[in-house]
Amino acid sequence: MADRLVLLGTKGGPAIRPGGPSPTSTLLDISGRRIVIDCGLGVARALVNADVSLKDLDMILITHLHSDHVLELGPLMHTAWTSGLARKVMVYGPAGIEDYWSGFLQSMRYDIDLRIGDEGRPDLRDLVELKVYADGLVHRDAELTITALRVDHPPVVDCFALKIEASGKSIVFSADTAYFPPLAGFARGSDLLVHEAMLPEGVDRLVARTGNGARLKDHLLASHTLVEDAARIAVAAEVKHLVLHHLIPADDPQCGEADWLEALHGKWDGGLTIGRDGLVIPL
Ligand SMILES: [Zn+2]
Ligand SMILES: [Zn+2]
């Protein structure tokens with residue numbers, strides 16, 4: 001399949017609403033490799049809808065352990081396993097990912113043991129090669145180089161932007177972060193910058209709707225990036241194409257694509273995609 005980026009889930013935050021988008025996950029189909037970046041709720045269904053056979057997954061990268069990025073990692077791997085997965089998948093995550101994975105396996109032990117005995121499946125516990133990463137080089141092989149940069153996402157300490165270089169292209173994911181100028185150096189000259197973004201006028205309405213008021217608003221403003229600041233990073237990094245992702249708000253009928261475009265007017269004139277679940281970006 002031709003190289004492509006597929007936005008599987010584009011919503012920032014864990015809540016879901018009727019007919020709305022899903023929390024964060026992305027597929028990078030590059031150099032014949034199927035790499036999933038983050039595993040928010042809905043990732044398994046979205047991958048299947050993007051014509052990915054789950055048993056062909058190669059690698060999963062988790063940027064940080066907020067639930068809107070990791071909640072469905074276990075169910076995705078389990079579903080890949082029951083779909084015929086027979087070889088190892090590399091799963092890279094920040095410190096603490098081991099607790100998530102061992103806890104998931106423990107919670108499903110009855111079913112996993114049952115299926116090994118009853119259906120003759122290989123042991124799911126042997127099919128995941130779990131690796132903890134931090135700043136710097138994450139992975140290198142003949143086709144792929146992956147590096148990480150710790151970003152600013154309080155109170156989470158281990159949250160990492162990721163740069164994936166393959167097929168002569170460079171794709172950078174901001175992960176969740178407040179406006180973080182060093183990201184521009186990390187992303188310099190990239191073909192694609194997938195950056196989280198928040199629309200200021202949507203935040204107040206979101207906070208009113210969700211119901212935990214000032215605390216939620218403080219978290220959002222301290223830990224995430226306003227759309228105009230995402231554009232500042234893209235300009236400083238001279239990337240070719242900016243993809244807005246992890247949108248806040250993502251499911252407010254009063255905040256549509258036109259509002260995002262208006263917020264960027266005069267601030268970014270390169271390639272631009274406003275994220276939407278299921279959107280395919282050819283590379
Ligand atoms: Zn998030
Ligand atoms: Zn987060």
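What is the volume of the largest cavity? I will come to that after a word on the model itself, which is predicted, so that local features need a pLDDT of at least 70 and side-chain atom pairs count only at pLDDT 80 or more, while totals for chains, interfaces and linings use all residues. Residues are numbered from 1 along each chain as its sequence is written, chains are lettered from A and ligands numbered from 1 in the order in which they are written, and side-chain values use heavy atoms, with hydrogens and water left out.

Now to the question: the largest cavity has a volume of about 90 Å³. A cavity here, on a 1 Å grid over the protein atoms alone, is a set of points where a 1.4 Å probe fits but cannot get out, whereas a pocket is an open set with protein on both sides within 12 Å along at least five of seven lines, and lining residues have an atom within 4 Å of a point. Grid points are joined across faces, edges and corners, and a volume is the space filled by probe spheres set on the points. By this rule, one cavity of 30 Å³ or more is counted.

Its lining is made of 15 residues, and those nearest the centre of the largest cavity are Thr-24, Phe-173, Ser-174, Ala-175 and His-245. Two or more lining residues come from each of β3 (33–39), β11 (192–198) and β12 (241–248), and β11 gives the largest share, three residues. When I speak of helices (H or I, at least four residues) and strands (E, at least two), I mean DSSP runs, numbered from the N terminus. By class, the lining of this cavity holds four nonpolar, eight polar and three charged residues, where Ala, Val, Leu, Ile, Met, Phe, Trp, Tyr, Cys and Pro count as nonpolar, Asp, Glu, Lys and Arg as charged, and the others, Gly among them, as polar.

Let me turn to the metals. Which residues coordinate the zinc ion (ligand 1)? They are Asp-68 (OD), His-69 (NE2), Asp-176 (OD) and His-246 (NE2), at 2.1 to 2.2 Å, where donors are N, O and S atoms within 2.8 Å of the metal (3.2 Å for Na, K and Ca), and sites may look incomplete because water is not among the atoms. The angles among these four donor atoms run from 88 to 169°, and the site of ligand 1 is irregular; four donors count as tetrahedral if all angles lie between 85 and 135 degrees, four count as square planar and six as octahedral if opposite donors are over 155 degrees apart and all others between 65 and 115, and anything else is irregular.

The largest pocket has a volume of about 340 Å³, and of the 23 residues that line it, Gly-12, Gly-13, Pro-14, Leu-216 and Leu-220 are the closest to its centre. At least two lining residues are supplied by each of α2, α7 (200–210), α8 (213–223) and β12. The second largest pocket holds about 220 Å³ of space, and its 16 lining residues include Leu-247, Ala-250, Trp-260, Gly-275 and Arg-276, the closest to its centre.

I will finish with two local details. Strands β7 (residues 136–140) and β8 (residues 145–150) pair in the antiparallel sense over four bridges, pairing being called if DSSP finds at least two bridges between two strands, and a hairpin joins β7 to β8 through four residues. Met-77, finally, is found in helix α3 (residues 73–82) and is buried, with a relative accessible area of 0%.

Key. Buried means under 20% relative accessible area, exposed over 50%, partly exposed in between (1.4 Å probe, protein chains only).
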